[in-house]
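Let's take a look at how charged side chains pair up here. Have the sequence and the 3D view open as you read.

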Amino acid sequence: MIERTAIPLAGYANAVITKHFPELAAEGDDIFVTIRNPMTVPPKELTSIGRKAAKTANEDNDDGQDDDAAEGTYGIFARLIIRCHAYDSSAIDEDGHMRVLKAPLTAGDVAALPWPIFQWLGEELGKLSPQTPTASQEDGTSKT
């Protein structure tokens, strides 16, 4: 279930988005992530976050651009997340316990999120520049 919440009194409608992940939650637990709605974030902020995260990662590792792009994405996602209840899925002890991730998350924390959460974050960010052609693009027409 996705909740879109308007900030009362002032601000954009649906300024934050909360998604619950019942398929990840143990009985009695509530796994969720609340993000700033990417539609309401200034483009400059998103690109500067990604660039800064990639630059920081590149200072530690000169492997290549794929790592830079991933770190940039993790940095953008970390900046969007304002509240969450999720676990570090990259480190599970022998009893099955995981570290609770608490906002503000780092790029490293985002890299440790389980795939369904990471995928949803990508989908929300992807709404900013959809890759699906519009009907007029598909039939070769345009409205001018």
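How many salt bridges does a search of the whole structure find? It finds three, where a salt bridge is a side-chain nitrogen of Lys or Arg within 4 Å of a carboxyl oxygen of Asp or Glu. Keep in mind that this is a predicted model, where local features need pLDDT of at least 70, side-chain atom pairs count only at pLDDT 80 or more, and totals for chains, interfaces and linings use all residues. Residues are numbered from 1 along each chain as its sequence is written, and side-chain values use heavy atoms, with hydrogens and water left out.

Start with Asp 88 and Arg 99, whose side chains meet in a salt bridge at 3.2 Å, N to O. Asp 88 sits in strand E4 (residues 81-92) and Arg 99 in strand E5 (residues 98-101), so this pair ties together parts that are 11 residues apart in sequence. Helices (H or I, at least four residues) and strands (E, at least two) are DSSP runs, numbered from the N terminus.

Arg 99 also forms a salt bridge with Asp 109, at 3.1 Å, N to O. Asp 109 belongs to helix H3 (residues 107-111) and Arg 99 to strand E5, so here the parts tied together are 10 residues apart in sequence.

How covered up are they? Asp 88 is buried, at 9% relative accessible area, and Asp 109 is buried at 12%, while Arg 99 is partly exposed at 44%. Buried means under 20% relative accessible area, exposed over 50%, and partly exposed in between (1.4 Å probe, protein chains only).

Lastly, Lys 127 and Glu 124 meet in a salt bridge at 2.9 Å, N to O. Lys 127 is partly exposed at 43%, whereas Glu 124 is buried at 4%.
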